[in-house]
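Let's walk through a protein chain together, one piece at a time.

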Amino acid sequence: ALNAIILNPLSAIKYKTWGREVNRGMINEMMGMWRKGGIRPFLNGLAPTLCRDVVFGGFYTFLRLQAQRSKMLSTVSDDHEYDWAY
């Protein structure tokens, strides 16, 4: 989720530049977005992205813990780091 908070503003700038005939550059585009809307344009799409990441992260953690409990995944040993894959 922290990744989404950090990278969402950069993605907003990137998406804003798509479809333009003249590339004004990232900095100029960012300044234009800030002048027109303040912080709001940089936060567009953040809520759905956070929801997606939280749901995926929770589901992934649940499956990983279930696999560890059922011994599908062994603990990492010094001799065979990926024993569970064999």
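Helices (H or I, at least four residues) and strands (E, at least two) are DSSP runs, numbered from the N terminus. What you see is a predicted model, in which local features need pLDDT of at least 70 and side-chain atom pairs count only at pLDDT 80 or more, while totals for chains, interfaces and linings use all residues. Residues are numbered from 1 along each chain as its sequence is written, and side-chain values use heavy atoms, with hydrogens and water left out.

Start with the overall plan. The chain holds 4 helices and 0 strands, so read from the N terminus on, its elements run α-α-α-α. Of the 86 residues in the chain, 16% are buried; here buried means under 20% relative accessible area, exposed means over 50%, and partly exposed lies in between (1.4 Å probe, protein chains only). The accessible surface of the chain comes to about 7300 Å², and 62% of that belongs to carbon and sulfur atoms. Such areas come from the Shrake-Rupley method with a 1.4 Å probe, and for residues only the protein chains shown count as cover. Among contacts (heavy atoms within 4.5 Å) between residues at least 6 apart in sequence, 44% join residues at least 24 apart.

Now find helix 1. Helix 1 has 16 residues and reaches 24 Å from its first C-alpha to its last, close to the 22 Å expected at 1.5 Å a residue. That expected span is 1.5 Å times one less than the number of residues. Helix 1 also bends by about 40° at asparagine 8, with proline 9 following within four residues; the bend is the angle between axes fitted to the seven residues ending at a residue and the seven starting there. After helix 1 comes glycine 19, whose phi is positive, near 80°.

Which residues of helix 1 are buried? They are Ala4, Asn8, Ala12, Ile13 and Thr17. Their cover includes helix 2 (26-37), helix 3 (40-43) and helix 4 (46-69). Isoleucine 5 sits in helix 1 (residues 2-17) and is partly exposed because its relative accessible area is 45%. Together with Leu2, Ile6, Leu7 and Leu10, Ile5 forms a nonpolar patch on the surface, with about 480 Å² of accessible area. A patch is made of residues with over 30% relative accessible area and no salt bridge, where like charges are joined within 9 Å and nonpolar side chains (Val, Leu, Ile, Met, Phe, Trp, Tyr) within 5 Å.

Asparagine 3, also in helix 1, counts as exposed because its relative accessible area is 52%. Asparagine 3 and aspartate 53 are 50 residues apart in sequence, yet 9.4 Å apart in space, C-alpha to C-alpha.

How many salt bridges does the whole structure have? A search finds 3, each a side-chain nitrogen of Lys or Arg within 4 Å of a carboxyl oxygen of Asp or Glu. Glutamate 29 pairs with arginine 20, their closest N and O atoms being 3.3 Å apart, and with arginine 24 (3.5 Å, N to O). Glutamate 29 counts as buried because its relative accessibility is 2%, whereas arginine 20 is partly exposed at 36%. Arginine 52 bridges to aspartate 53, with the closest N and O atoms 2.9 Å apart. Through shared partners, salt bridges join Arg20, Arg24 and Glu29 into one network.
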